[in-house]
Amino acid sequence: MTELSAPPHQTELRASGAPALRRAAELLRAGDLVAFATETVYGLGADATRDSAVAKIFAAKNRPTFNPLISHVADLETAEELVIFDARSRAIAEAFWPGPLTLVLPRRINSPVSLLCSAGLDSLAVRLPAKASAREMLRAFGGPVAAPSANRSGRVSPTTAAHVLEELTGRVALIVDDGPCAVGLESTVLSLVGEHPVLLRPGGLANEVLEEKLGRRLAQARADAPLASPGMLSSHYAPRLPVRLNVARPRADDAYLAFGPVSAAQRRALAALPAEAQWNLSPTGQLEEAAAQLFAALRRLDLPNRHSLAVAPIPEVGLGQAINDRLRRAAAPRG
Ligand code: TXA
Ligand code: MG
């Protein structure tokens, strides 16, 4: 794909607070890009109703335009103006919003959101984030904000303002720093367009919790399903180092991402690695803690003097499913 040219910007970095959030709303109204914290990852926001503003997101990220965007809203009423809810989707929204869940629903014919956000589909993704500063910004702006994760397309999602600076300096007008993201994985994306709910992306809300509320097992979108969730390209979240999964004992030239209590055999293997080349996502084996650490750890361990990044096995339950999904993409052959 050819690199779209993004106009150069002075990137402002401000600590979150009323003045920064007011400034963010003002820039959004002017059609500029603003990076902001949510409970999942940092988003790269633009006025979702303005084609020219939404187009800047694709240019800044070098994101393929067939990949649709999530519209972020301050309340359920705003979401109702964009998409069509029925009893089932309203019950799901009421149960899990605000929070790390994105709903894909039929677009309203008169939806004010730019068609670029739907990327040719007749659905639209909507999300009501839980992070207080994000909601304050959305309220101050007064409309839907289109926002993908604030990274270059194909790279690891940012969970701190410093990560956003690494990714998008010169490509975004303002970064509002509101500390590290508590969840650390992107939202779960659930399609309620058809008769049966379909999980398009595992994420910050565990599948089991959703299934409990839906009263049924969730169908998982097949990775090769045409346009099901176009963002789920198989190679994504890619560090520069090649990634090896389910490695119980690292080699001496690896960087190692551990999880849970370390065995005696592992301890001996780890003794051969420099301290900066190892990181434990959660020494006590807690998946929530591991999720919150994952993307920062992938960045930190992507060291030029290592041959590969080896990752310990992570249980495929709860948030472990979303963690393993991201790790499989990080390890996928590079396109
Ligand atoms: O946690 C999150 O969801 C973050 C924060 C910033 O809210 N956003 C985020 O956006 O992860 P993005 O663009 O990086 O991922 C959105 C995913 C992509 O896989 C995209 O293809 C899918 O949602 N998506 C968006 N609209 C869709 C639609 N109408 N139908 C199917 N999939 C859709
Ligand atoms: Mg993303």
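Select Glu 167 and Arg 299, whose side chains meet in a salt bridge at 3.1 Å, N to O; the term salt bridge is used here for a side-chain nitrogen of Lys or Arg within 4 Å of a carboxyl oxygen of Asp or Glu. Glu 167 lies in helix H6 (residues 161–168) and Arg 299 in helix H9 (residues 287–300), so the pair ties together parts that are 132 residues apart in sequence. Helices (H or I, at least four residues) and strands (E, at least two) are DSSP runs, numbered from the N terminus. Glu 167 is buried, with a relative accessible area of 2%, and Arg 299 is buried as well, with a relative accessible area of 15%. Buried means under 20% relative accessible area, exposed over 50%, and partly exposed in between, with a 1.4 Å probe and protein chains only.

Before you move on, keep in mind that this is a predicted model, in which local features need pLDDT of at least 70 and side-chain atom pairs count only at pLDDT 80 or more, while totals for chains, interfaces and linings use all residues. Residues are numbered from 1 along each chain as its sequence is written, chains are lettered from A and ligands numbered from 1 in the order in which they are written, and side-chain values use heavy atoms, with hydrogens and water left out.

The structure holds 18 salt bridges, and the next one to select is that between the side chains of Glu 12 and Arg 23, at 3.3 Å, N to O. Glu 12 sits in strand S1 (residues 12–15) and Arg 23 in helix H1 (residues 18–29), 11 residues apart, and the pair links distant parts of the chain. Glu 12 is partly exposed, with a relative accessible area of 25%, and Arg 23 is partly exposed at 24%.

Then go to Arg 217 and Glu 211, where the side chains meet in a salt bridge at 3.2 Å, N to O.

Return to H1 and show it together with helix H5 (residues 132–141). Two packed helices are described by the angle between their axes and the distance between the axes. H1 and H5 pack at an angle of about 50 degrees, with their axes 8 Å apart; axes are lines fitted to C-alpha atoms, for helices over the stretch in contact, and angles run from 0 to 180 degrees between N-to-C directions. H1 and H5 are therefore oblique to each other, given that angles under 35 degrees count as roughly parallel, over 145 as roughly antiparallel, 65 to 115 as roughly perpendicular and the rest as oblique. On the H1 side, select Ala 18, Leu 21, Ala 24, Ala 25, Leu 28 and Arg 29, which meet Ser 133, Glu 136, Met 137, Ala 140 and Phe 141 in H5; contact means heavy atoms within 4.5 Å.

Next, select the buried residues of helix H2 (51–61), namely Ala 53, Val 54, Ile 57, Phe 58, Ala 59, Ala 60 and Lys 61. They pack against strand S3 (43–47), strand S7 (145–146) and H6. Just after H2, Asn 62 takes a positive phi of about 55 degrees, and at 17% relative accessibility Asn 62 counts as buried.

Asn 246 also deserves a selection, with a phi near 55 degrees, a positive value in a residue other than glycine. Asn 246 lies in the loop between strand S12 (243–244) and strand S13 (254–258), and at 58% relative accessibility it counts as exposed.

Now select Trp 97 and Pro 98, which are joined by a cis peptide bond with omega about -10 degrees. Pro 98 is in the loop between helix H4 (87–96) and strand S5 (101–106). Most residues other than glycine have a negative phi, and most peptide bonds are trans.

Finish at Arg 326 in helix H10 (residues 320–331), which is buried, with a relative accessible area of 0%. Leaving aside its neighbours within four places in sequence, Arg 326 is in contact with Leu 185, Glu 186, Ser 187, Arg 201, Pro 202, Gly 203, Tyr 237, Leu 294 and Phe 295.
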